[in-house]
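This report describes one protein model for a reader who is new to structural work. Please keep the sequence and the structure in view while reading.

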Amino acid sequence: MNRPVEYTTLAAWPLAICKALESQGIDPNPLLIESQLNRSDFINHPDGRIDIRQMTRFWELVESKTNDPSFGLKVSSFVQPMHFRALGLLMLTSDNLENALLKMGKYSELISNSATIRIERKPSLIGFCIDPILSVPIHSMAIDSFFATLVHFAKQLGAENHIVHQVELFKNKPKNAKPWEDYFQAEIVFSASQNCLWLKRDTLQRVTMMGDTKIAAYNETLVKDYILSLNRQSFSNRVTQLILAQLENSEINIAEVAAQLNLSERSLRRHLKEEDTNFREILQKSRMEMAKHYLTNTDLSITQIALKTGFNDTSNFSRAFTRWFTHCPTTFRKP
């Protein structure tokens, strides 16, 4: 039987938030208690895991207490590469800054498995996109903090000030956008179709790193082992997680999913077969679960839902939905 996916984030994050709060004279302990978090747990075990629901609640309380929508940007100053353990070491032993940040994107599950990091490459730009997972609560401050941390790391490791080309954010434009503009020193697009930090490749490639291949290989092994121990859930659950995070943006295929799991396509097919399933079946189930979510929780039209779940037209969507749930979408939606 498949275990439910446990969505968690690294304990180093709430530790950095606490330090950022204290730097402004705010006691984080009442907020931690209300979030059912214990500071001593992540002080003693910074590589431990925090339930994403508790983490999101903590962010909500932080926003309310500080009355500062841009507070996530400030948290980045209190995050260091070493907080990410072997992943931080792997970054430091890369040959240049672009590859260091790519390692962070590739193994982002170590930091948090509550969203999917998608890397977009253009000739002069590289984009770090955060794709939310359906029904997994992620606070917008967490997005800000991750993007700001990438930029903070880049500058710590020798990058020039103007390394950001553009930042795209799902969230609506705040009353005062200046903190984001000042931090990233680039165009900020609010109410965007995706969360994506676009960095200038030539600037990143000019910054050379330690480049120790032996140490890098060792650290990469440690990172893979950690993620393997973290992902004890079935491969079918992990594939479902990736599909739900990306299906709305594009028609995802097995080759892309296998690459994100650091597997060959053949290996992934074998693992799924061992669990008595296959990629096509998981994709269909994911489409139907996403459709059910939109029908139940939104006012989107049937046509809009069909397009969001990867169908070319409403009739094909309706037939597929009816086969899966024995009711057509319109009937299913009726109270």
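## Terms and model

Two residues are said to be in contact when heavy atoms of theirs lie within 4.5 Å. The structure described here is a predicted model.

## The chain as a whole

The secondary structure of the protein chain consists of 18 helices and seven strands. Its C-alpha trace extends over about 55 × 45 × 40 Å along the principal axes.

Of the 335 residues in the protein chain, 51% are buried. Contacts between residues at least 6 apart in sequence were also examined, and 69% of them join residues at least 24 apart. The protein chain exposes about 16200 Å², of which carbon and sulfur atoms supply 50%. There are 39 positive and 36 negative side chains, and the centres of these two sets are 3 Å apart.

## Helix 7 and its surroundings

Helix 7 is mostly covered, since seven of its ten residues are buried. These buried residues are Leu97, Glu98, Ala100, Leu101, Leu102, Met104 and Gly105. They pack against several elements: helix 6, strand 3 (115–121), strand 4 (125–132), helix 8 (140–156), strand 7 (195–200) and helix 10 (201–205).

The N-terminal end of helix 7 is capped by Asn96. A side-chain oxygen of Asn96 lies 3.0 Å from the backbone nitrogen of Glu98.

## Loops on either side of helix 7

Ser94 belongs to the loop between helix 6 (86–92) and helix 7 (97–106). Is Ser94 buried or exposed? Its relative accessible area is 6%, which is below the cut-off of 20%, and Ser94 therefore counts as buried. The side chain of Ser94 reaches the backbone oxygen of Leu90 at a distance of 3.1 Å. When residues up to four places away in sequence are not counted, Ser94 touches Asn99, Ala100, Lys103, Met209, Met210 and Gly211.

Ser112 is located in the loop between helix 7 and strand 3. With 15% relative accessibility, Ser112 also counts as buried. Its side chain reaches the backbone oxygen of Thr8 at 3.3 Å, and a polar contact of 2.5 Å joins the side chains of Ser112 and Ser114. Apart from neighbours within four places in sequence, Ser112 is in contact with Thr8, Thr9 and Arg49.

## Two further buried loop positions

Ala159 lies in the loop between helix 8 and strand 5 (164–168). Its relative accessibility is 11%, and Ala159 counts as buried. Which residues does Ala159 touch, not counting residues up to four places away in sequence? They are Leu97, Ala154 and Val207. Leu97 is one of the buried residues of helix 7. Ala159 and Val207 are 48 residues apart along the chain, yet their C-alpha atoms are separated by 6.3 Å.

Pro81 is placed in the loop between helix 5 and helix 6. With a relative accessibility of 8%, Pro81 counts as buried. Leaving aside neighbours within four places in sequence, Pro81 is in contact with Gly88, Phe153 and Gln156. The C-alpha atoms of Pro81 and Gln156 are separated by 9.6 Å, although the two residues are 75 places apart along the chain.

Most residues other than glycine have a negative phi. Asn67 has a positive value, with phi near 50 degrees. Asn67 lies in the loop between helix 4 (52–66) and helix 5 (71–75). Its relative accessible area is 68%, which is over the cut-off of 50%, so Asn67 is classed as exposed.

Thr326 likewise is not a glycine, and its phi is positive at about 65 degrees. This residue is found in the loop between helix 17 (314–325) and helix 18 (329–333). At 62% relative accessibility, Thr326 counts as exposed.

Notes:
Residues are numbered from 1 along each chain as its sequence is written. This is a predicted model: local features need pLDDT of at least 70, side-chain atom pairs count only at pLDDT 80 or more; totals for chains, interfaces and linings use all residues. Side-chain values use heavy atoms; hydrogens and water are left out. Helices (H or I, at least four residues) and strands (E, at least two) are DSSP runs, numbered from the N terminus. Buried means under 20% relative accessible area, exposed over 50%, partly exposed in between (1.4 Å probe, protein chains only). A polar contact is a pair of N or O atoms within 3.5 Å; within protein, one must be able to donate a hydrogen and the other to accept it, and residues adjacent in sequence count only if both atoms are side-chain atoms. Accessible areas come from the Shrake-Rupley method with a 1.4 Å probe; for residues, only the protein chains shown count as cover. Lys and Arg count as positive and Asp and Glu as negative; His and the chain ends are not counted. The place of a charge is taken as NZ of Lys, CZ of Arg, CG of Asp or CD of Glu.
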